[in-house]
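Work through the exercises below with the sequence and the model open. Each task is followed by a solution in steps.

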Amino acid sequence: MDFIFSLQLLLQATLRMATPLVLAGIGETFSERAGVINIGLEGYMLIGAFAAYTTVFYTDNLFLAILAAVLVTVLFGIAFAYFTITVKANQIIAGAVLNIIGLGISGYLYRILFAQTLKASAVRTFQQIPIPLLKDIPLLGPTLFDQNILVYSTYLLVPLAAIILYKTSLGLVLRATGEHPHAVESLGIRVIHIRYGAVIFAAMLAGIGGAYLSIAYANQFVENMTAGRGFIALAMVAFGQWNPIYVWLAGLLFGSTFGLQLRLQAGQTAIPYQFLQILPYVVTFIALIISHGRSMQPKAMGIPFEKEGN
Amino acid sequence: MEMDKRLQLINISKTFPGGVQANKDVSLDVKRGEIHCLLGENGAGKSTLMSILYGEYHPDSGEIWLNGEKISIPTPKIAIEHGVGMVHQHFMLVPTLSVAENIIMGMKPLASFLWDMKEIEKDIARFAVERGMKINPSALISSLSVGEQQRVEIIKALYRGVDLLILDEPTAVLTPQETHDLFETLHKLAEQDFSIILITHKMNEVMEVADRVSVLRDGRVIGTLPIANVTPAILARMMVGRDVSFNLEKSERAYGEPVLRVQALNLIGDKNRQILKDIALEVCSGEIVGIAGVDGNGQNQLALCITGLMKPTSGHILFDRKEMAGKSPLEFLKTGVGHIPEDRHAMGLVMEDSVADNFMLQRYNDKFFKKLGFLNMTAIMEYAKKLVKFFDVRTNSVKTAAGNLSGGNQQKIIVGREIDRNPKLLVAVQPTRGLDIGATEYIHKQLLQQREKGAALLLISTELEEILALSDRILVMFGGRIVGETSAGRANVDKIGLLMAGMQAEKE
């Protein structure tokens, strides 16, 4: 009984920890499928987390907060798209800049608005919405159906993403754009439009993932509270072979390592907690080594699109 | 306008920024059910003209009439809507997607669902068969041969309702057999009233497939003639503007001592794939040995092994009886091995660097070009000017970036550089790929001259004509082995063709 209860807590924590990773990872999957790699997910997430927290702090409205997080990260997404797609800047450098800006701006504004005046305090968060009947299934019920709405949203997002990618005309074009953009352009489809769309979509989801951290998982903003989750999401995309379903499974794996280290810390094992904390990162490391070599990486990923002949 | 004319181009002119006039008052018409060849050397303006027709470029002046209607074609999308399709030289296919996915891409609104892939695949298969082509719509592009991929490109265009199909140098990547199949397909399409424009610089293709031919030179149409009225000699004169000798003058001469001896050479690549198997060959001084074969049967790796750029897994490479296997490329250079590499962009030249710098690639360390440990720029420039003149490289200055020169002139830089070192062995891989008649003729003459001077030449080419014209002996490679040998005198095209296809080797 005690074991079952522990397992249930672990699984619940896994889903909670996986959600921001999955949100950011699915968005990045689309972006990379279209040929744009963004290592700046961390930056988006911090901006999203801060925008959401601030909005709840002043308005006490959670949905407005999500909207704010989306709007602000989409603005950054447009800027990123402009530099990488229109100006054809190096995508890795632009992503690194985004990380630095995200960390800097969110930290700076946080100090100005909250830290100095000690006004910062816990805000309202998304609460669990147990789904009647379903939540009473042993083990799975509390795990899957006693979560907040953002966790639920990933249940819809993941299959929807897979359907769009593999079963629609848009998905077909998206997959082709990351592999052979000139083929796409030669059929009269504008590669640039597809890439803008994918990049902005990725920004939006990463923004929501960030918001989740500050107003669902925690109840406040902390400087650099993403703690590398953006990079883990990036690793998930490669580990999940650019397939939304696998990316989601990879997200659950990484989520479980976060959950496990929390459980182990709470369980007061003899292992120093610092070692437990590195667990997710070690697993990321191992995952990248495993996925290396059998990669389905889009061929044109990271390469700015130049029209031929002009 | 007559009804049987599908397309009429009237006085099309196009000047590029920078002043190069690619097309001058070009007028052309294409009938229904006609295979119309557009023949011309590189830079004659064929591709520009077709890019205008396909909406990729915009003409400065002139009119495009299609089916009796004057139209303008601002983008490829509009071209397709008007029934004009293009099969590019570099395929516009996504290797990771299926045939059917490549074909329908972009045909339906982006928001539409593709639940019915099986139906779509059936429809594409039926569509292809009706037009005399066979294809497996669910196969991945990456699993198809080059010839099959080209077929997908053709179906992709036709499936969009195209009735005027432009093919840009379609045979450059094909085996003789695949070329034959392609021409058969084109004939079938022409019988079904499709019009086909085929861009090429190969006269034998024109003679084989065309109904009419238009020859372009320096951006102008020199003439349009029915195929019955032309001979290769007439076409060559129209293309080049002077008489061209097809029969290279090759003196009979006795070979000297073997310069290169390869014995039991094996190369094992990734995943334990045997790339070269038990290769044995000899090249004597004053001899040209040609290696024929379809691209990808180990010829390139063989050339890389013989020039020291790749290390064989086992076997001997004897150069003047000296073992070279395992030595560095520099040692190969020093022993007198010259190399005209297959891909002049990737291996032969540094495109961003000047002509002079490209001449220096192997010789920067020669005493002659150094002064107090620094490069002696005066000596280098003078040397470069001398070579440019001697090898007839057309460039404004030796400081021009190699990438700004035409393909023929780029190749002349490489050939000049290698020949000027007086190599004892010259390994020439696809030395005239993509070059026009004039440049090809020139390079061939240079190679023969090396033979006269007593160099040993190993010529690797997928162009059978080239092998036949130059070689003293011909070896055929298939599947990493040498599967046959014939002397040039007895050279029998059919026999070589069969060997190239692996007919007498163990597998199909």
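A cavity is a set of points, on a 1 Å grid over the protein atoms alone, where a 1.4 Å probe fits but cannot get out, and its lining residues have an atom within 4 Å of a point. The model is predicted, with local features needing pLDDT of at least 70 and side-chain atom pairs counting only at pLDDT 80 or more, while totals for chains, interfaces and linings use all residues; side-chain values use heavy atoms, without hydrogens and water. Residues are numbered from 1 along each chain as its sequence is written, and chains are lettered from A and ligands numbered from 1 in the order in which they are written.

**Exercise 1.** Find which residues line the second largest cavity and sort them by class.

Step 1. The lining consists of B:Ile288, B:Leu426, B:Ala428, B:Leu447, B:Leu457, B:Leu458, B:Leu459 and B:Leu470.
Step 2. Strand 20 of chain B has the largest share, three residues.
Step 3. Ala, Val, Leu, Ile, Met, Phe, Trp, Tyr, Cys and Pro count as nonpolar, Asp, Glu, Lys and Arg as charged, and the others, Gly among them, as polar. The lining then has eight nonpolar, no polar and no charged residues.
Step 4. The volume is about 30 Å³, taken as the space filled by probe spheres set on the points, with grid points joined across faces, edges and corners.

**Exercise 2.** Describe the largest cavity by volume, lining and class.

Step 1. Two cavities of 30 Å³ or more are counted, and the largest has a volume of about 110 Å³.
Step 2. It is lined by 13 residues, and those closest to its centre are A:Leu187, B:Tyr54, B:Met86, B:Lys156 and B:Ala157.
Step 3. In chain B, strand 6 (84–87) and helix 5 (146–159) each supply at least two lining residues; helix 5 gives the largest share, three residues.
Step 4. By class the lining of the largest cavity has seven nonpolar, three polar and three charged residues.

**Exercise 3.** Describe the interface of chain B and chain A.

Step 1. Contact (heavy atoms within 4.5 Å) takes in 26 residues of chain B and 22 residues of chain A.
Step 2. Buried area is the accessible area (1.4 Å probe) that two parts lose on being put together, summed over both. Here it is about 2,000 Å², with 70% from carbon and sulfur atoms. On the side of chain B, B:Met92, B:Met105 and B:Leu110 lose the most area, together 30% of what that side buries.
Step 3. One salt bridge (a side-chain nitrogen of Lys or Arg within 4 Å of a carboxyl oxygen of Asp or Glu) is counted between the two chains. The side chains of A:Arg175 and B:Glu101 form it, at 3.3 Å from N to O.

**Exercise 4.** Which residue forms a salt bridge with B:Glu463, and where do the two lie?

Step 1. The partner is B:Lys202, with the closest N and O atoms 3.4 Å apart.
Step 2. B:Glu463 is in the loop between strand 20 and helix 16 (464–470) of chain B, and B:Lys202 is in the loop between strand 8 (195–200) and helix 7 (203–209) of chain B. The pair is 261 residues apart and links distant parts of the chain.

Conventions: On a 1 Å grid over the protein atoms alone, a cavity is a set of points where a 1.4 Å probe fits but cannot get out, and a pocket is an open set with protein on both sides within 12 Å along at least five of seven lines; lining residues have an atom within 4 Å of a point. Helices (H or I, at least four residues) and strands (E, at least two) are DSSP runs, numbered from the N terminus.
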